[in-house]
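Biologist: Please take a close look at the site around the ligand in this model. I would like to know what surrounds it and what touches it.

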Amino acid sequence: MDSNKAATQLLTESQITALENAFKAGDVEDRGVVDAGQVQFIVQQVLGDVLTVSEVRTLVQKGEAVGAATGVINLQEFKDLLIDLLHTTTTRWGALQTSLDGYVGFDTVLEQQRKKFLKKGFEFNLMVVGESGLGKSTLVNTLFKSKVSRTSCTNEPPQKIPKTVEINTVTHVIEEKNVRLRLSITDTPGFGDQVNNENCWLPIYDQINKQFDKYLTEERSVVRRKQIPDSRIHCCLYFIAPTGHGLKALDISCMKKLHDVVNIIPVIAKADTMTIEERDAFKDRIREDIAEAEIKVYPSSLLPEDEDVLQANAPIRKHLPLAVVGSDRALTINNKSILGRQTKWGFVEVENPNHCEFSFLRDMLLRTHMQDLKDTTHEEHYENYRRQKLSEEGNP
Ligand code: GDP
Ligand code: MG
């Protein structure tokens with residue numbers, strides 16, 4: 001029997017499209033074929049989650065039989081396989097059994113996704129903004145306990161202070177338990193260094209938009225890469241000077257320019273220079289200033305949040321702005337190497353939560369909120385950029 005004809009008799013057009021789409025999704029490498037092992041997965045995508053155990057068994061057996069020699073199946077073979085199934089079993093599309101009489105195993109979909117993600121690796125792009133000398137470079141080094149970015153206090157000739165804001169990005173690939181993270185950190189030395197700092201946010205703003213534009217161009221090109229390299233800034237750490245006097249005009253104007261294009265996390269730099277009371281009072285002050293100036297900081301409270309998210313974000317909201325201390329020197333105490341700052345009167349441990357909130361920040365960035373920061377960037381900031389750009393071009 002002509003199988004295409006058979007297919008149109010047995011399946012509706014949308015079902016055939018669904019099948020073709022599922023096949024395409026399974027065809028990770030664009031070879032026109034999928035691994036025989038994927039049969040079950042694809043059928044499940046088309047049929048929903050409802051297949052009997054025996055049907056799945058039949059399918060997998062047939063799939064294996066077809067793919068026995070090559071281990072792969074093409075779309076036509078796939079259609080034949082399905083038609084066969086529909087012929088030989090009593091099940092019909094639309095009249096499917098709705099409960100499973102046993103374990104089928106489509107929960108392995110998670111495992112398949114995990115593997116795929118692991119293969120791709122993760123990308124995370126961080127940016128540090130704030131006046132010179134607040135310890136941005138040091139904190140970045142602390143964050144990754146490696147010399148990721150160079151500090152500005154090296155023995156270089158005196159003209160080292162740049163005239164305008166520079167944008168330097170350093171990329172590191174970090175690996176932990178087979179997970180690869182491509183971490184880029186953009187430093188912005190020179191911010192606020194001029195006599196007139198009115199426009200010093202501009203190069204930063206431009207840089208963020210440039211990355212959006214790069215992504216949009218890739219997304220729109222006719223022949224596009226399977227995985228678009230993501231250089232969009234997912235998070236901006238904004239350094240506030242530990243003055244005890246609230247936000248400066250420069251901080252307010254800069255954050256207000258940036259909050260529409262990037263997730264801002266405000267941090268109090270060099271928190272070791274303040275006493276506990278000063279720190280708490282300063283935090284309150286900053287929080288008031290932020291609220292008064294209507295600066296949006298991450299996590300944004302504009303979107304509705306469900307119980308889980310609310311719970312995850314509550315401690316962050318309580319602690320913002322995070323009081324951090326940075327150091328790239330380690331001291332060996334009791335045979336343990338501890339990052340910290342030695343002063344005449346004591347030793348500030350950077351990773352000790354009793355001393356400062358550095359570990360809180362690190363956990364948030366790298367452990368608990370990385371994906372959310374990336375999602376917000378994609379769904380909110382990038383989406384805004386995209387909408388604006390496309391409508392400027394006259395698209396409806
Ligand atoms: P950047 O210009 O913002 O990149 O600042 P740097 O990282 O170059 O740091 C400027 C100076 O501040 C250096 O002497 C650092 O050792 C010092 N520093 C960095 N972080 C801290 C901190 O958390 N506390 C204190 N007290 N000093 C710091
Ligand atoms: Mg620096």
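Modeller: What follows describes the ligand site, and then the protein around it. The model is predicted, and the protein in it has 13 helices and 11 strands. Around ligand 1 there are 17 residues, and the closest are Gly133, Ser137, Thr138, Asp272 and Gly326. Sorted by class, this shell holds 3 nonpolar, 9 polar and 5 charged residues. Helix H7, residues 136–144, gives the largest share of the shell, with 3 residues.

Some polar atoms can be picked out. Threonine 138 has a polar side-chain atom 2.5 Å from an oxygen atom of ligand 1. For glycine 135 the atom is a polar one of the backbone, and it lies 3.0 Å from an oxygen atom of the ligand. Arginine 341 places an N or O atom of its side chain 3.1 Å from a nitrogen atom of ligand 1. On its own, ligand 1 exposes 580 Å², of which the protein buries 81%.

The nonpolar residues of the protein can be looked at next. In soluble globular proteins, nonpolar side chains tend to be buried together. Here the largest nonpolar core has 68 residues, and those with the most contacts inside it include Phe124, Leu237 and Leu361. Strand E6, residues 235–240, supplies the largest share of this core, 6 residues. Across the protein, 43% of the 396 residues are buried.

Note on methods
Residues numbered from 1 in each chain as written. Chains lettered and ligands numbered in written order. Predicted model: local features only at pLDDT ≥ 70, side-chain atom pairs only at ≥ 80, totals over all residues. Heavy atoms only, no water. Helix = DSSP H or I, 4+ residues; strand = E, 2+ residues; numbered from the N terminus. Buried < 20%, exposed > 50% of the residue type's maximum accessible area, 1.4 Å probe, protein only. Core = buried A, V, L, I, M, F, W, Y, C linked by side-chain atoms within 4.5 Å. Near = heavy atom within 4 Å. Polar contact = N/O pair within 3.5 Å; in protein donor to acceptor, adjacent residues only side chain to side chain. Areas by Shrake-Rupley, 256 points an atom, 1.4 Å probe, with all protein chains shown as cover. Nonpolar A, V, L, I, M, F, W, Y, C, P; charged D, E, K, R; others polar.
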